[in-house]
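Me: I'd like to go through this one with you and ask where each label comes from. Can you show me the structure?

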Amino acid sequence: MTEPPAVERELFGPLAARPRAAALAGAACLAFSGIFFRFSGTSPSTATVFRCGYALPFLWVWTRWEDRRLGKRPWRARGLAFLAGLFFAADLVTWQHSVQQVGAGRATVLANMQVVVVALVAWAMLGERPTARVLAGIPLVVAGAALISGVLERGAYGANPALGVLFGVAAAVAYSGYLMLIRRANTDRRLAGPLLDASAASVVGALIAGAVVGDLDLVPAWPAHGWLLVVALTSQVAGYGLVNVSLPRLPAALTSILLMAQPVMTVALGALLLAERPSLLQLGGVALILVGIFVSSAPLGRLGAIRRFLQPSG
């Protein structure tokens, strides 16, 4: 098994050696974002502006620390990260509209349909042919997502499920663009720098979107600020910082499937905190996604598969 480069061991320690575990930890942080957005009571554009804006000072300090050890980032990489941030703004705004229409759990599942888009784009544009395990896992997570979304049941939960689905699909496409671009921008495997540029671009994109749609509020009342600060720290800084560990160290399709743990957790949190009660079919979808994640990423066929799954990758 190949040791990670010395600079990675110095800067990121065990995180760089365990990108699968980092992706799952990042998904756990991101799972709370829809819940906290609902608690904030703000509009999608407002939430995006402040979620990303509040993260900037923390990411700037983290980026300065990285730059002192790795040097300045090339402008091309920064440009790609900025472009990724515009896709991310589109993802957040449309996803949060979906949360308003169909609930946090279902909206998160719909947005995470990016697993299909990322796998196909990575295959077509990057030559990353999915492994047999990834190909086997994709149908499981897609079927699980369909069950969780409630499309096979009558009386689907939500104010406007059809509109929520449209917003959710748009979020999935935009999120796929973000993941692919931020991965290309992060060729030297940094955690904070690309995320800083992407977050700054997301603020710009959300300001424009909010001005066009007319739902932007630059002075939200307390406690909205508190909830948006919590989202910034847990999701934008910690969550996507951990995701940035895995993106350049794992195949794109595998990372996207690992991130499907996020909607599973969000469904559970939605049931506990927002009274979004999943049906038996939806619980079956949760089980399918968990199986799909394990099938696609765990070294099956070996003794101690779960233990090896969390060991350093080579």
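Reply: Here are the labels, one by one.
This is a predicted model, in which local features need pLDDT of at least 70 and side-chain atom pairs count only at pLDDT 80 or more, while totals for chains, interfaces and linings use all residues. Residues are numbered from 1 along each chain as its sequence is written, and side-chain values use heavy atoms, with hydrogens and water left out.

Me: How many helices and strands does the protein chain have?
Reply: It has 16 helices and zero strands. Helices (H or I, at least four residues) and strands (E, at least two) are DSSP runs, numbered from the N terminus.

Me: What makes aspartate 197 and arginine 73 a salt bridge?
Reply: The rule asks for a side-chain nitrogen of Lys or Arg within 4 Å of a carboxyl oxygen of Asp or Glu. In this pair the closest N and O atoms are 2.5 Å apart, so the pair meets the rule. Aspartate 197 sits in helix 11 (residues 193-213) and arginine 73 in the loop between helix 5 and helix 6, so the bridge ties together parts 124 residues apart in sequence.

Me: Which other residue forms a salt bridge with aspartate 197?
Reply: Arginine 78 does, at 2.9 Å from N to O. That pair also links distant parts of the chain, with aspartate 197 in helix 11 and arginine 78 in helix 6, 119 residues apart. Through shared partners, Arg73, Arg78 and Asp197 are joined into one network. The count by this rule comes to two salt bridges.

Me: Why is aspartate 197 called buried, and why is arginine 78 called partly exposed?
Reply: Buried means under 20% relative accessible area, exposed means over 50%, and partly exposed is in between (1.4 Å probe, protein chains only). Aspartate 197 has 8%, so it counts as buried. Arginine 78 has 26%, so it counts as partly exposed. Arginine 73 is buried, as is aspartate 197.

Me: What about glycine 85: buried or exposed?
Reply: Buried, because its relative accessibility is 0%. Glycine 85 belongs to helix 6 (residues 75-102). Glycine 85 and aspartate 197 are 112 residues apart in sequence, yet their C-alpha atoms are 7.1 Å apart in space. Setting aside neighbours within four places in sequence, glycine 85 is in contact (heavy atoms within 4.5 Å) with Ala198, Ala201 and Ser202.

Me: Why is serine 235 called buried?
Reply: Serine 235 has a relative accessible area of 0%, so the label applies. It is found in helix 12 (residues 224-246). Leaving out neighbours within four places, the residues in contact with serine 235 include Cys29, Leu30, Ser33 and Arg51.

Me: How much of the whole protein chain is buried?
Reply: Of its 314 residues, 54% count as buried. Among contacts with a separation of 6 or more, residues 24 or more positions apart account for 89%.

Me: Where is arginine 69, and why is it called partly exposed?
Reply: Arginine 69 is in helix 5 (residues 44-70). With 38% relative accessibility, it counts as partly exposed.

Me: Which peptide bond is cis?
Reply: The one that joins tryptophan 222 and proline 223, with omega about 15°. Proline 223 lies in the loop between helix 11 and helix 12.
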